[in-house]
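Me: Before we go through this model together, could you show me how to read its features one at a time?

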Amino acid sequence: MKQHQLITKTRPTEYNRLLQILQRPGPAGVLLLGEQGVGKTSLVEAVLASSGAGEPVMTLYGTPSLSTVAHGALSPYLGALESIDEPVSVLRELNRSLLSSRGQLEPHIVVVEDAQFLDPQSCFILSLLVENAEVKVLALGSGSLEADSPLGALAELGSFTTMALQRLDRKGVRAVAEGVIGRKLAEGTVSLIDVVTGGNPSFVEAYAASCLEQGTLFHDDRLLQSHGLHEPVWIVARALPEIDTPMLTLGREITRTLSVQEQQSLLLLALAGPQPPEVLEQCGLPYQRLLKIGELMQQGPAMVLKSKLMQRIVRALATEHDIAQLHDLWVTAAVSLGKEPNAREVLWSLETGKQVPMKLVLDLAEQAARELNFGLALRLCVLGKLARHHGQGALLEARMLLSMGRHHAARALLLRLIDQLTDLALLGQAYAYLLEVTTNIGTDGVELGRILDDWKHRALGHADAEEVASFLALHSAGARVLDFWLRVNTARGPLPSVSELQEFLEDRLLPAQVRFIGMMVLSDLHTSAGRCQQALDLMEPALQDLKEYPAPQSMYEVRVFFRIGWNLLFLGQYERAAAFIDSYRHARLRSIQYYQGAISLLDGVSHLLQGRVQLAMAKMAEAVTELQIADTTQLLALASNLYRLLLARLGFPVPEALVTGPESFSSSGTISLNGQLGEESSKQRIFARAFAAGLGHPYPGESLECFPLVEREFLFSMTRQLGDQELAESQMGERLRALAAGQQGSRAAFLARLMDLRGSELGEPLEQLAQDALAKKEYLVVIEAWARAAERYAQSGDQRRCGALLRRAAQLIDQQGMDPGKYIARVLALTELTAREAEIVGLARQGLNNAQIARTLTVSQRTVEGHLYRVFSKLGITERAELDHAGLEAGTTGR
């Protein structure tokens, strides 16, 4: 995307305002303020190019050293003067330069870069030029205006306008990044770029260019993109690219006007993380000006750099010697202030080779894990060498690998650890994690049996009866919950009963990890049967309970989040679902990649349930792509099956590479870029199997009827394509009514009512159903009810009532971007205007009466009246004025 187009897209208000000032006759000045890299120069260049002003006649540069020299910023244009102390001589020389540089009729543009360093005398001369010489001054500066500063004095002049450039919003981040990359980016990737760069456009450009250069962009070429169903969607496979030469150049440009001490302040915050002001003061490092010019921000009581990328760039610019010296300075200040070290600070100490007590490293790694900062916790474990010397530390490292979806690495570590551990409490936890890993990698019954046998036998020879009892109790609970899990999440069956699971969960002595797994298994049973409210009643308290258990929280929070969102949607609670999902959207960097695939999948399901098939297709393509990079929730196969379902809905063939089902299952997993599992490991999860059955690929011994919730949705889709007589002759309507009547939520209730009313000849109850469904945003039910009611009115001869309902249905379809389905599309054709009818409507809308229309078309007035009568009936209107909102073309309904 060209720079000019990019500026007008991301800065439309500032661009138009600056353009108006430049095009306005007479002198004017603009103070354009914003932090380094925010795009001030790019904005000015775009406006100058667009306004026809061309290159500025003067470009001045402020610097810290020139800020103390009278007329220092102007000195490059004062070479002919022996002395630059006298304002009159300076002004005369500048006027001479201006007149010799450009014709008098042309605008004189003076641009000042780094205007925050202007000396008072230069500011005074610039104000005179603006007032007396028809000059337009564009002063670009960082920081805020202060009344007693030179820039503050300029701002008080009536001829000067002050504008402030803020960081980009998410829409602007997308525009800049996609402009550099030239590809459509997934929402999660845009969120990630926004968080990493802080919305600074220079950082966004550098980040995007580095991703392109380093090959960290990824898309799934199996997805059907050649038919224009959706754009190919790309994601960033690694959150933070390597710091390359262009990034280092950008870092040097941004920090070039900073003092050595200010650069050290940035480096300290990059290495140690957020710091209270007193630590910086104790180190003798300044921060106040950095706050004013936007390089720092205050986060609670601490100073912090504005972007993760700036942290990495600043660190990369420093030498190891600088880092070691600064660490010594920081340690002295922290000790002097009695400050307890945090996780980032201890990591810095470990990186510099300092000795840190192992217990402190372990405690802080646990704290980072509780905050879901898995990367930091893992780094502390690795650099602190916890796995070598501390069993609890090794377990923590395994848990972090598991939480990050790095199942193979976690398995290798756990197998080594089990051979080494003798403490039964730690050993039992290691076996529990190993079972968790194995079920994610693949449910090999032989291996799972071996693990359980080994686990039980390791208790032999231990003298402490209490420890042995506790160890065997964990083994028993783990074996039991594993059995439940396998019966639900593989096709081996049979499904456990609800009473079995409820009885199991009543045991108050169950370990937290076992309890949460059991609750999720029971939730899935409820959901599959259509008891979504009971599933929700399990998962919402579980989400709160997880906050009290750091270990399960790190592994299960995303899974519980997904189940809550899924059940809210299938209950028909769309507004509540949207609010809940949005509360996790655009999260912190540490969790974006773990949540985004689940969020995109839920977004796609929401669109699908509300009939927005094209939007659902695009979102599901994002979900499939994102989940191939990070699928800690084992949702990839479900997302892929939903994508296949959407292809089928739109009548497109499923590419061979996307065919799924038991016949396509292989023993090998597809390993994605960071060592996580591909689709193979998630194909047998209960919801993935349900949609596979609906697509005609059931697992042995299963059918769509085994999954009542998903069967309900497939039946609803099929019954929508049938006329009422066809429905009466089939068993689908009765089956759907029976299913929906026994399930929970407003969506199920509306579907049951719809099936009941489709057997009736009355239109009014269907209209009432549509109104009730509209209040709940159940849009597919709404258009179904309106269309079926319209058919009944048409059959009774009430064409205008029929037309009114179909027009409302058509408007809702347009407003929501819905796919009406083939049958509803045929019904809507009842309201389509012929070419002659559309022509008459167009003339009537211009104000012509019937006689005038007849003369224009050289037909009789009676013919015009007949056409308008049919138009009024088709569109369900009674007044000529209502034609303003009716169809304007042949073959349309006003959509």
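**Reading the pocket and the rings**

Reply: Helix H22 gives the largest share of the lining of the second largest pocket, 9 residues; helices here are DSSP runs (H or I, at least four residues), as strands are (E, at least two), numbered from the N terminus. This is a predicted model, in which local features need pLDDT of at least 70 and side-chain atom pairs count only at pLDDT 80 or more, while totals for chains, interfaces and linings use all residues. Residues are numbered from 1 along each chain as its sequence is written, and side-chain values use heavy atoms, with hydrogens and water left out.

Me: How is a pocket found, and which residues lie nearest the centre of the second largest pocket?

Reply: Rolling a probe the size of a water molecule over the atoms shows where empty space is left. On a 1 Å grid over the protein atoms alone, a pocket is an open set of points where a 1.4 Å probe fits, with protein on both sides within 12 Å along at least five of seven lines, and lining residues have an atom within 4 Å of a point. The second largest pocket is lined by 44 residues, and Glu436, Gln513, Ile517, Tyr556 and Arg559 lie nearest its centre. Elements giving two or more residues to that lining include H26 and H28.

Me: How do I read an aromatic pair, and what makes Phe516 and Tyr549 edge-to-face?

Reply: A pair of aromatic rings is described by the distance of the centres and the angle of the planes. Rings of Phe, Tyr and Trp (its six-membered ring) pair if their centres lie within 6.5 Å, and planes under 30 degrees apart count as stacked, over 60 as edge-to-face and the rest as tilted. By this rule the count is 16 aromatic pairs. The centres of Phe516 and Tyr549 are 5.9 Å apart with the planes at 70 degrees, so this pair is edge-to-face. Phe516 is in helix H26 (residues 512-528) and Tyr549 in the loop between helix H27 (532-546) and helix H28 (550-571), 33 residues apart.

Me: Is Phe516 buried or exposed?

Reply: Buried means under 20% relative accessible area, exposed over 50%, and partly exposed in between (1.4 Å probe, protein chains only). Phe516, at 4% relative accessibility, counts as buried, whereas Tyr549, at 37%, counts as partly exposed. Phe561 and Tyr595 form another edge-to-face pair, 5.3 Å centre to centre with 75 degrees between the planes, and both Phe561 and Tyr595 are buried.

Me: Which residues do ring pairs link into a cluster?

Reply: The cluster consists of Phe562, Trp566, Phe570, Phe687, Phe691 and Phe714.
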